[in-house]
Amino acid sequence: MNYIVLDLEWNQCPTGKAHEIKALPFEIIEIGAVRVNEAHQVTGQFREIVKPQVYTSLHFRTREIVALRAIDFAGARCFPEVAADFFAWCRGDETSEAAPGEPEFCTWGPADLTEFQRNLSYYNIKSPFPFPLIYFDIQKVFSIVYEDRRSRRSLEYAIDFLEIQKTVAFHSALSDAIYTSLIMQWLEDSQIRDNSSVDYFRTPVSRKEEIYLHYSTYDKFISKLFVSRNQAMKDPIVTSTRCPLCQKAAQKKIRWFSAGGHNQFCLAWCPHHGYIKGKIRLRLNADNMTYAVKTLKPILEEEANQIYEKKQAVKVKRQNHRNTETG
């Protein structure tokens with residue numbers, strides 16, 4: 001077991017979004033991490049400030065949140081050097097710390113790994129992260145175990161909720177990584193591993209790379225790239241429905257429909273396990289190509305009726321729109 005609990009601090013364009021470099025909206029200025037074993041005990045740590053090369057002045061929001069000032073960057077190394085040493089530390093290549101397996105990353109929320117990969121891409125550094133990048137979002141797991149599965153709380157809220165002693169300030173990369181590791185001590189390892197997440201920065205480019213994930217209560221599928229949303233929704237693999245419990249084909253009771261936005265819904269039926277709710281989120285990658293994230297989940301009749309009602313509401317809305325146009 002080689003958990004790496006990662007946290008980053010980053011800067012953005014100090015003169016506003018209109019002047020930012022689109023390929024790098026957030027530039028990493030600090031990397032902090034701790035190594036955690038299977039007992040969720042810290043066995044090592046990494047922390048280094050990164051000298052900014054793109055946004056050399058700190059945005060006012062960065063100054064408000066992060067306890068770093070211009071003097072802290074004196075003598076700091078650039079991102080490519082720091083990143084190389086960080087990944088070597090993750091593997092245990094250049095330290096005396098034991099690293100018994102490939103690093104498995106834990107974060108508080110989904111943003112850190114995305115921005116890390118974006119910074120690697122900006123500097124044309126081949127990503128050392130595996131594909132697909134499966135990681136553990138401790139913020140999500142905290143919600144699953146202690147709250148309603150949907151809420152996403154701040155790190156400080158979770159620390160207060162669990163009555164963990166606050167010994168250092170928040171919004172330092174290393175201290176936030178340490179606090180995240182302390183929350184992990186309140187979680188069973190099975191609770192973490194049974195609720196993994198997948199990062200979407202790198203998406204499948206072919207059918208062979210498409211991602212299928214099975215969880216205890218639902219299945220997730222990430223498709224290859226398509227040139228448009230319409231093309232994605234015409235793909236038989238994207239629109240197929242299977243029961244997450246027995247993996248047999250589930251017959252559609254309500255075909256895929258949009259209730260507005262980029263989400264599509266359907267209702268299917270498994271003769272062995274009942275109603276299956278389908279949801280597809282159509283997303284764009286950095287090159288404006290479309291990919292689909294599909295979830296299939298067994299539901300009770302009450303939620304199935306809600307899908308019927310949602311479909312009916314869409315039908316009524318479309319009919320009213322037609323009447324207005326023809327009137």
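Helix axes here are lines fitted to C-alpha atoms over the stretch in contact, and the angles between N-to-C directions run from 0 to 180 degrees. Helices (H or I, at least four residues) and strands (E, at least two) are DSSP runs, numbered from the N terminus.

This is a predicted model, in which local features need pLDDT of at least 70 and side-chain atom pairs count only at pLDDT 80 or more, while totals for chains, interfaces and linings use all residues. Residues are numbered from 1 along each chain as its sequence is written, and side-chain values use heavy atoms, with hydrogens and water left out.

**Stop 1: helix H2**

Select residues 79-91, which form helix H2. H2 has 13 residues, and its first and last C-alpha atoms are 18 Å apart, close to the expected 18 Å. The expected span is 1.5 Å times one less than the number of residues. Colour Phe79, Val82, Ala83, Phe86, Phe87, Ala88, Trp89 and Cys90, the buried residues of H2. Buried means under 20% relative accessible area, exposed over 50%, and partly exposed in between (1.4 Å probe, protein chains only). These buried residues pack against E1, E2, strand E3 (42-49), E4 and H3.

**Stop 2: helix H3**

Move on to residues 111-122, helix H3: its 12 residues should span 16 Å, and its end C-alpha atoms are 16 Å apart, which agrees. Buried in H3 are Asp112, Leu113, Thr114, Glu115, Phe116, Gln117, Asn119 and Leu120. Their packing partners are strands E1 (3-11), E2 (27-36), E4 (104-107) and E5 (134-137), together with H2. Asparagine 124 follows H3 and has a positive phi, near 55 degrees.

**Stop 3: where H2 and H3 meet**

Show both helices. At what angle do the axes of H2 and H3 cross? They cross at roughly 125 degrees and come within 11 Å. H2 and H3 are therefore oblique to each other; angles under 35 degrees count as roughly parallel, over 145 as roughly antiparallel, 65 to 115 as roughly perpendicular and the rest as oblique.

Now select Phe79, Ala83, Phe86 and Phe87 in H2, which meet Phe116, Asn119 and Leu120 in H3. Contact means heavy atoms within 4.5 Å.

**Stop 4: serine 181**

Finally, select serine 181, in helix H6 (residues 173-184). Is serine 181 buried or exposed? Serine 181 is buried, because its relative accessible area is 1%. Leaving aside residues up to four places away in sequence, serine 181 touches Val5, Val34, Val36, His40 and Val42.
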